[in-house]
Amino acid sequence: MDLSSISDDLAEINGQITDIFRALSNGFQKLEKIKDVNRQSRQLEELTDKMRECKRLIKEFDREVKDIEGRNDPETNKMLSEKKQSMVKELNSYVALKKQHQTNLENNKRVDLFDGPNEGFAEDNVLLASSMTNQQLMDSGNRMMDETDQAIERSKQVVHETINVGTETAAALKAQVCNFDSIRRI
């Protein structure tokens, strides 16, 4: 069924959503080919903005459907509801794809940490942080502090074990010296 026969506004919103889905599809294909982590991050930010716009348009589509619901027959309302659900499902598939790429990007940035000093490192962190919500930043910071605390505790344990081994070694050496002295006196 042609949406313009139901409402010009619905047809226009549907066209805008279709354009965004096409742009998202092309954008994710382009993302697959990008090797530079910074460019990948920027591309993901652009795709996220498109997804936000698409979400806004789907809500607008839903509002428009509800506004004209009383004028439509049940079959048309069912078709419009299915159309909206289809849009939501497609958007959710792009959101899942974005999350997958975001995880891969974060893992790539973590690997870079072990590759040694990197002049673009601070910029990478800014780009990574800019793509995170405040709650994600706080969770990440808390996780890093927990990992640091655990590393400190492991280091303390190693120090205590080293002191114990040193004490045992000193006692064993002292016993050997005493034994050597008593053998020499004989």
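Colleague: I'd like to learn to read the charged contacts. How far apart are the closest N and O atoms in the salt bridge of D62 with K66?

Modeller: They are 3.3 Å apart in the D62-K66 salt bridge. The general idea is that a salt bridge needs a side-chain nitrogen of Lys or Arg within 4 Å of a carboxyl oxygen of Asp or Glu. Before we go on, please keep in mind that this is a predicted model, where local features need pLDDT of at least 70 and side-chain atom pairs count only at pLDDT 80 or more, while totals for chains, interfaces and linings use all residues. Residues are numbered from 1 along each chain as its sequence is written, and side-chain values use heavy atoms, with hydrogens and water left out.

Colleague: Thanks. Where in the fold do D62 and K66 lie?

Modeller: Both sit in helix α2, four residues apart, which is about one turn of the helix. Helices here are DSSP runs of H or I with at least four residues, strands are runs of E with at least two, and the numbering starts at the N terminus.

Colleague: And is D62 buried or exposed?

Modeller: The relative accessible area settles that: buried means under 20%, exposed over 50%, and partly exposed in between, using a 1.4 Å probe and protein chains only. D62 has a relative accessible area of 18%, so D62 is buried.

Colleague: How many salt bridges does the structure hold?

Modeller: There are eight. One of them is in helix α5 (residues 134-185): E153 bridges to K156, and the closest N and O atoms are 3.7 Å apart.

Colleague: What relative accessibility does E153 have, and what about K156?

Modeller: E153 has 48%, so E153 counts as partly exposed. K156, at 44%, is partly exposed too. Elsewhere, salt bridges that share partners join E53, R56 and E60 into one network.

Colleague: Let's turn to aromatic residues. How many aromatic pairs does the structure hold?

Modeller: A pair of aromatic rings is described by the distance of the centres and the angle of the planes. Rings of Phe, Tyr and Trp (its six-membered ring) pair if their centres lie within 6.5 Å; planes under 30 degrees apart are stacked, over 60 edge-to-face, and the rest tilted. This structure holds two such pairs. In one of them, the ring centres of F21 and Y94 are 5.9 Å apart and the planes are at 25 degrees, so the pair is stacked.

Colleague: Which helices do F21 and Y94 lie in?

Modeller: F21 lies in helix α1 (residues 8-33) and Y94 in helix α3 (residues 74-113), so their pairing ties together parts that are 73 residues apart in sequence. F21 is buried at 7% relative accessibility, and Y94 is buried at 12%.

Colleague: What angle do the planes of F28 and Y94 make?

Modeller: That angle is 10 degrees, and the ring centres are 5.9 Å apart, so F28 and Y94 are stacked. F28 is in helix α1 and Y94 in helix α3, so this contact ties together parts that are 66 residues apart in sequence. F28 is buried, as is Y94. Put together, F21, F28 and Y94 form one aromatic cluster.

Colleague: Which helix holds M51, and how far is the C-alpha atom of M51 from that of I17?

Modeller: M51 lies in helix α2. At 6% relative accessibility, M51 counts as buried. The C-alpha atoms of M51 and I17 are separated by 9.8 Å, with the two residues 34 apart along the chain.
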